[in-house]
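Colleague: I have a model open and would like to learn how to read it. Could we go through a few features together?

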Amino acid sequence: MTNGDDILQLWRTHERKLEGQFTINFALLRKMNLDKVARKVNSLVLVKVVTLVFATVTAIALMKYTANNWQSTYIAIAGGVLSVWTVGVCAALVHELYHLLTIDYGQSLAALQRQLLNIRTTMIGYLRLGVWLAPLHLACVVLFFDLWFGIDIIMYGDKMWLVTQVLISVVIMLPLALYAHRKLIPENADKKWMQKLLQGNGTQIRDSLNLIREVEEMR
């Protein structure tokens, strides 16, 4: 074997070692980052579970309150509207938890990334539900006056004040809710204002996607 052949053989041996080392490093980085992804998702699951418990208790309380006040038309309507909205929040949280708890960490990185993106899209879609509480603010006011002062504010409140509240709902709150509804879309998921809105209750998905990209960039 010539010196040239020796050098070539040494180079190939060195190249195989480098490839082996790269494979090991890639596997380690993949495992480390997927473990971090799992921890971030689990922290989000905890947030959703706590929120679901609170929303469920609130929904039950509102439904009981509505049933106990069915003879007071305006109070019953206000309680019913807020009960329906709260039940909708509970349903959204259950759906989100289902997706979070069925994440498959053994699938390919591309498939995992798509699954996380779909979850983020679902969460942003349900976030829209929250903005529609704004036009319902009068229902909140009705319940507040009844619970704290024992007054049916619709029946006994100042008429001009009531007209003002209705105008606020229609002229200010409704357009505001429509505007927020249009802005809360997946295309705005990486905007700073959206990240602040999701802080602690959705940014875990963003962090998880970044961890996956870090592994993909090593390929």
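Predicted model: local features only at pLDDT ≥ 70, side-chain atom pairs only at ≥ 80, totals over all residues.

Colleague: Where is S208 found?

Modeller: S208 sits in helix 8.

Colleague: And is S208 buried or exposed?

Modeller: Here we look at relative accessible area, and under 20% counts as buried. S208 has a value of 0%, so this residue is buried.

Colleague: Now a pair of helices. At what angle do the axes of helix 3 and helix 8 cross?

Modeller: Helix 3 covers residues 109-131 and helix 8 covers residues 203-216; their axes cross at roughly 160 degrees and come within 10 Å. Angles over 145 degrees count as roughly antiparallel, and helix 3 and helix 8 are therefore roughly antiparallel to each other. The crossing of helix 3 past helix 8 is left-handed.

Colleague: Which residues make the contact?

Modeller: On helix 3, they include L112, L116 and M123, while on helix 8 they include I205, S208 and I212. Sorted by class, the contact between helix 3 and helix 8 has eleven nonpolar, two polar and three charged residues.

Colleague: Can we try another residue? What is the relative accessible area of V141?

Modeller: V141, found in helix 4 (residues 137-149), has a relative accessible area of 17%, so V141 is buried.

Colleague: How far apart are the C-alpha atoms of V141 and A78?

Modeller: They are separated by 8.9 Å, although V141 and A78 are 63 residues apart along the chain.

Conventions:
Residues numbered from 1 in each chain as written. Heavy atoms only, no water. Axes fitted to C-alpha atoms, helices over the stretch in contact; angles between N-to-C directions. Helix = DSSP H or I, 4+ residues; strand = E, 2+ residues; numbered from the N terminus. Parallel < 35°, antiparallel > 145°, perpendicular 65-115°, else oblique. Left-handed = near helix turned anticlockwise from the far one by under 90°. Contact = heavy atoms within 4.5 Å. Nonpolar A, V, L, I, M, F, W, Y, C, P; charged D, E, K, R; others polar. Buried < 20%, exposed > 50% of the residue type's maximum accessible area, 1.4 Å probe, protein only.
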